[in-house]
Amino acid sequence: MPDFDLNLVRTFVLLYETRSVTATAESLHVTQPTISYSLQKLRRRFSDELFRRTGGGLVPTTTARALYQPLHSALSEIETAVSGAKSFSPSTARAELTLCLSDLGEMSLLPRLMVALLSRAPGVTLTVRPLDVDRAADQLGRGEVDAFIASSLISSQRVARMPLFSEGYLGMVARDHPRLGSAVSLGQLAAERHVTVFGPTGHDGPRRALEAYGLLDRVVLEVTRFATLPYMVQDGELVAMVPRLVAEMFAAEHRVRLFELPFEVEPAQVSVYARHPHARSPAQHWLVAFMREVLG
């Protein structure tokens, strides 16, 4: 069709991913009326409304959902072929980037990122915001954040997921726990009281393990953050399971002791999430590659 070109494909894909005329216009460096005009052309081309306006942003129709994957794939292939590598010189660039992390991420991953960032990209400043799993995809689409790291599996078509690493668990008790030593059996754990983390953290393995071995009825406390666990454990007799990445930090800073668990616990899969490659700025391309290198 003579009125259908690559710019319309790009507009459609970004509207689908951002759910916002404003964010799409900013990404393409055009005015909002230009995006609205392109949307009208798309609607005529496909004889469908494509996006309905709601209080929470644009909502794609059934036709738009069917169109997204093939148009997204085609756009990615075309842009890869014609644009080549994205240019960004970290040693000289000045940029402000925003990253979302959980409390565990701030404790264990952020220090590693900052050491590398200060030496490799001295002109890049990083702002960290708390991770809200339910809103993270929308925040990426609207350009409020440049990337986020999560152990929760987010399967939205609107974001790209790049695995970083798998993370296992250790048991943790007070340093002077009266019954548990360096080697702990399942029977011993069954006789103790436990504290667990509840919420959309992506760290579901410990709770599933407790359920599988019939220990859920031994849970006497649920908290919302792993960072709370050493405070709950160090002055009493509760037992906790904590990610290995922060376990040594907890042991160094609190009156706690670690031990290997007597059963298998499903590891957490930690990933970095960002906009799809065709929608990333050169700085965002660099940020994703940088985090995968430093943390992966």
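Modeller: Axes here are lines fitted to C-alpha atoms, for helices over the stretch in contact, and angles run from 0 to 180 degrees between N-to-C directions. Helices (H or I, at least four residues) and strands (E, at least two) are DSSP runs, numbered from the N terminus. This is a predicted model, in which local features need pLDDT of at least 70 and side-chain atom pairs count only at pLDDT 80 or more, while totals for chains, interfaces and linings use all residues. Residues are numbered from 1 along each chain as its sequence is written, and side-chain values use heavy atoms, with hydrogens and water left out.

Biologist: Happy with that. At what angle do H1 and H3 pack?

Modeller: The angle between H1 and helix H3 (residues 32–46) is about 100°, and their axes lie 10 Å apart. Angles under 35 degrees count as roughly parallel, over 145 as roughly antiparallel, 65 to 115 as roughly perpendicular and the rest as oblique. H1 is therefore roughly perpendicular to H3.

Biologist: Which residues make the contact of H1 with H3?

Modeller: Contact means heavy atoms within 4.5 Å. From H1 come Leu8, Thr11, Phe12 and Leu15, and from H3 come Ile35, Ser38, Leu39, Lys41 and Leu42. For classes, Ala, Val, Leu, Ile, Met, Phe, Trp, Tyr, Cys and Pro count as nonpolar, Asp, Glu, Lys and Arg as charged, and the others, Gly among them, as polar. The contact of H1 with H3 then has six nonpolar, two polar and one charged residues.

Biologist: And how do H1 and H2 pack?

Modeller: Helix H1 (residues 6–18) meets helix H2 (residues 21–28) at an angle of about 130°, with the axes 9 Å apart. That angle makes H1 oblique to H2. On the H1 side the contact uses Arg10, Thr11, Leu14, Leu15 and Thr18, and on the H2 side Val21, Ala23, Thr24, Ser27 and Leu28. Five of these residues are nonpolar, four polar and one charged.

Biologist: What lines the largest cavity?

Modeller: Its lining is Val195, Thr196, Val197, His203, Pro206, Arg207, Phe226, Leu229, Ala240 and Met241, around about 70 Å³ of space. Strand E8 (194–197) has the largest share, three residues. By class, seven are nonpolar, two polar and one charged.

Biologist: Which element gives the most to the second largest cavity?

Modeller: H12 does, with four residues. The volume of this cavity is about 40 Å³, and its lining includes Trp286, Leu287, Phe290 and Met291. The lining has 10 nonpolar residues, no polar and no charged.

Biologist: Which residues lie nearest the centre of the second largest pocket?

Modeller: They are Glu26, Ser27, Arg275, Ala279 and Ser281, out of 20 lining residues. The pocket has a volume of about 420 Å³. H1, H2 and H12 each give two or more residues to the lining, and H2 gives the most, four. By class, the lining has six nonpolar, six polar and eight charged residues.

Conventions
1 Å grid on protein atoms, 1.4 Å probe; cavity = no way out; pocket = protein on both sides within 12 Å on 5 of 7 lines; lining within 4 Å. Points joined across faces, edges and corners; volume = space filled by probe spheres on them.
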